[in-house]
Amino acid sequence: MKHFIRHALLLGASTACLLGAPFSQAETGAPELKPIGTMQYTENTREFSEPGRYCFPQTTRRGKLDKTFLDYHLLIAPEDHLKTGDVFVGFRRNSQPDALWLYNGSTWVAADDNQYPYHKAFIPFSTLEPIIPTSISTSGPVDVTEFAGDGEIWVGYGLRKDAEATEEDSFQDMISSQRYYRVWQIGGSDAEAKESTICLPISQMTVTTGYMEIIATEK
């Protein structure tokens, strides 16, 4: 007879420990279980007694140059709200002004690399919300020491004019429309990186919590 074990675990260390436990069936005497996981979400909305404001810096940089976190909130122009487009995160060097690299969230790729088989945009083919978070450190801190005084981080977006438009079309639209902005000159002052603050009027807040429901069955 199959045995069913159901666990509702919050995502985090508990899930990692369960799925990565190094014990074998022989060591524990327990049946060998095959996990089947599904994501579940719950939402909790809170109404405020009076309208308020939520403020945060547009650019946030933490850590030293050898361990840098850099996050940036891209503001989409009102006329482009909710249109379809792509968001790009770029890097260039003053010593090589014609060379541009794009970050897709895991890899830096030369913008003119026509053989790269995956997307180059940080957020490809997406509905452009009014404020979009971007980063160069999605997988952890990055070492930018060798680029101090020479490298720059840029963020921008391009539009897809129709259903047939490609990521390359969107990139060229960004360049021709000049919808890109220098976020940080590496090694520059914090004042440059933290000069803007975004404030949003809010009257309610919704918190979405995700957890993994694991159903394990005996093989």
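Is Leu82 buried or exposed? Select Leu82: with a relative accessible area of 55%, this residue is exposed. Here buried means under 20% relative accessible area, exposed means over 50%, and partly exposed lies in between (1.4 Å probe, protein chains only).

Before moving on, note that this is a predicted model, where local features need pLDDT of at least 70 and side-chain atom pairs count only at pLDDT 80 or more, while totals for chains, interfaces and linings use all residues. Residues are numbered from 1 along each chain as its sequence is written, and side-chain values use heavy atoms, with hydrogens and water left out.

**Whole protein**

Switch to a cartoon view. The protein has 4 helices and 12 strands. These are DSSP runs, numbered from the N terminus: helices are H or I with at least four residues, strands are E with at least two. Of the 219 residues, 30% count as buried. Now show the surface. The accessible surface comes to about 13800 Å², and 53% of that belongs to carbon and sulfur atoms. Such areas come from the Shrake-Rupley method with a 1.4 Å probe; for residues, only the protein chains shown count as cover.

**Two positive phi angles**

Return to Leu82. Find it in the loop between β4 (69-75) and β5 (84-93). Its phi is positive, about 65°, although Leu82 is not a glycine.

Next, select Phe125. This residue sits in strand β8 (residues 123-127). Phe125 also is not a glycine, yet has a positive phi of about 45°. Phe125 is exposed, at 54% relative accessible area.

**Aromatic pairs**

Show the rings of Phe, Tyr and Trp (its six-membered ring). They pair if their centres lie within 6.5 Å; planes under 30 degrees apart count as stacked, over 60 as edge-to-face and the rest as tilted. This rule gives 9 aromatic pairs. Start with Tyr54 and Phe56, a tilted pair at 5.4 Å centre to centre, with 40° between the planes. Tyr54 is partly exposed at 48% relative accessible area, whereas Phe56 is buried at 13%.

Move to Tyr116 and Tyr118. This pair is edge-to-face, with 5.8 Å centre to centre and 75° between the planes. Tyr116 is partly exposed at 23% relative accessible area; Tyr118 is exposed at 60%.

Then select Phe91, Trp101, Tyr103, Trp108, Phe122 and Phe147 together. Ring pairs link these residues into a cluster.

**A buried threonine**

Select Thr134, in strand β9 (residues 131-135). What is Thr134 in contact with, leaving aside its neighbours within four places in sequence? The list is Leu70, Asp71, Tyr72, Val87, Val89, Phe122 and Val155. Contact means heavy atoms within 4.5 Å. Thr134 counts as buried, at 5% relative accessibility.

**A nonpolar patch**

Go back to the surface and pick Phe48, Met205 and Val207. They form a nonpolar patch with about 220 Å² of accessible area together. Patches take residues with over 30% relative accessible area and no salt bridge; nonpolar side chains (Val, Leu, Ile, Met, Phe, Trp, Tyr) are joined within 5 Å, like charges within 9 Å. A salt bridge is a side-chain nitrogen of Lys or Arg within 4 Å of a carboxyl oxygen of Asp or Glu. Val207 belongs to strand β12 (residues 197-218) and is partly exposed at 35%.

**Last stop**

Select Gln178, in the loop between α3 (167-177) and β11 (180-185). Gln178 is exposed, at 58% relative accessible area.
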